[in-house]
Amino acid sequence: MKKHILFYLLFATPIFALAQSKNNSKQLTILYTNDLHAHVNPQQLDWISTTHKIGGFANIATLVKNEKIANTNTVYFDAGDYFTGPYISSLTKGAAVIDVMNHMSIDAACIGNHEFDHGWQNVPTQLIKAKFPVLNGNIFVKQTKQLLWNHPYKIIVKNGIRIGVIGLHGQFAFYDTISDEMIQGVEARDEEKYLQQYINELKNKTDLIVLLIHEGIPGRQSSKGITDVGRNLKKDIELAQKISGVDVIVTGHAHQGTPDALESNGTIIVSTDALGMQLGKLTITYDQQKDKIIAYQNKLNYIYDDEVIDDSATKAAINKWENQLSVITQQKICVTPVKLFRSYGEESLLGNMVADAMLFAHPTCDFALVNSGGLRQDIDAGTITLGNLISAFPFPNTNILVDMKGQDVLALFEHAASLTNGILQVSKGVVLTYNEQSPVGNRVVSLTINGQPIQPNQTYKIITSNFMADGGDGYFAFKKAVFRKNTQEIILDAMAAYLKTFSSYSPSLEGRIKKVDN
Ligand code: FE
């Protein structure tokens, strides 16, 4: 039933009257994606369809190439976060993803926060291998005038239209979602200032300005899809209000699709729901005499695997890497009779497993905490392989021991209950009750640790990830820790060691996180 609603939304999108071809008007089609997150293969996303697999880079490549053959006035842009998702990215530090993307007929892409998941030095190391233009104009080598990746914009000419394509990263999103130690040598500078500068440099040389940007609030990773928490593109709307002169923004990071394009201060804003679920298609009519877009039409087309033939070159590149990595990824860890799923607002079997594994590695701690956003893919019932674990938690994060006062622990849980960055996933021994209807900062109804209500002045021993301990995802209260030690143990290893103690891992929900209403 859900599919039919989506189908209706897709094709019921109001079609803006496209001007009949006049002498002065020219058409341009912009295909777009964002937040592909290395989902090179089509996947089952039950909230979209229980019968069709969706997405896949080889399908996207076919659709792009077919569109370009049918209509040569077509470009394909991506708004960043192609790294980090299934193991193919983490095991190769993104190299495999770039290699696959080289076959997808991309005209330009910007850099997203997840391109930094293997450190800032790895960014140019991998991007140099890209055969398509990658653009960023506001991430600098610290305290220098040197851009980390010295390609802020590119001019592309299609159908006689000169398109200035600019790539930027939102400063807030950069520091909100990247582990401190991954960006020690770089800094993101004010995107508004640089956007204005690049518009000034481009305006006399171009007809249209297209901005590829990765900004705003992070995307929600969850088993329950878009219904978990409201999401929006507020940051993009505000940016367009502040800086005039951008014709089109293709945005990423929020994982918020735009079946109807947004308009702000004359700027058209578009995005997809991420993970390669859809290929966006924005068709614009540009009037040369008026020097503006006079009409447009936007569609978010869902990509159903059984309706598209794989692009052979893209598929061959995926197969090559998967075969190469299979020695690692096919290692059997244990079996599970249940699906280990994620959740952004509730207790989840995957979150419980990761937190319990961290606590298992450090049994003298009181409890373990992991961010919901760190969990990237459910693990299906059946055999759990090392590849499944890497895809579920694709970060090279380490276990960190922290001692914290109860009052600061409470602050962590208040931030969690705000759901800005998702609820905390907790180990055995923690029971949180929260009320989503209460004001932010006052949502925790009760919090018990090993059966006892949390005491503000008591010190608790916690195990968490380096990302969290650095205040990632807005968990700044970790910075008040009275003790901190990096164990240098990779969390992924802790997960594998823990699961190997089970011949069959069969967890159930235990009521660790409870939601109450007014
Ligand atoms: Fe992102």
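I started at Ser372, whose side chain reaches the backbone oxygen of Ile423 at 2.5 Å. A polar contact here is a pair of N or O atoms within 3.5 Å; within protein, one must be able to donate a hydrogen and the other to accept it, and residues adjacent in sequence count only if both atoms are side-chain atoms. The Ser372 side chain also makes a polar contact with the side chain of Gln425, at 3.1 Å.

I noted that the model is predicted: local features need pLDDT of at least 70, side-chain atom pairs count only at pLDDT 80 or more, and totals for chains, interfaces and linings use all residues. Residues are numbered from 1 along each chain as its sequence is written, and side-chain values use heavy atoms, with hydrogens and water left out.

I placed Ser372 in the loop between β16 (367-371) and β17 (382-385). Strands are DSSP runs of E, at least two residues, and helices runs of H or I, at least four, numbered from the N terminus. Ser372 counts as buried because its relative accessibility is 1% (buried: under 20% relative accessible area, 1.4 Å probe, protein chains only).

Next I looked up the largest nonpolar core, which has 77 residues. Such a core is a set of buried Ala, Val, Leu, Ile, Met, Phe, Trp, Tyr and Cys residues joined through side-chain atoms within 4.5 Å. Helix α10 (residues 349-361) gives its largest share, 8 residues. Domain 1 (3-15 + 25-320) and domain 2 (332-516) both contribute, so this core lies between them; the bounds come from an automatic or database domain assignment.

Last, I found a second, separate core of 30 residues, which includes Phe367, Val402, Leu412 and Ala416.

Methods: Buried < 20%, exposed > 50% of the residue type's maximum accessible area, 1.4 Å probe, protein only.
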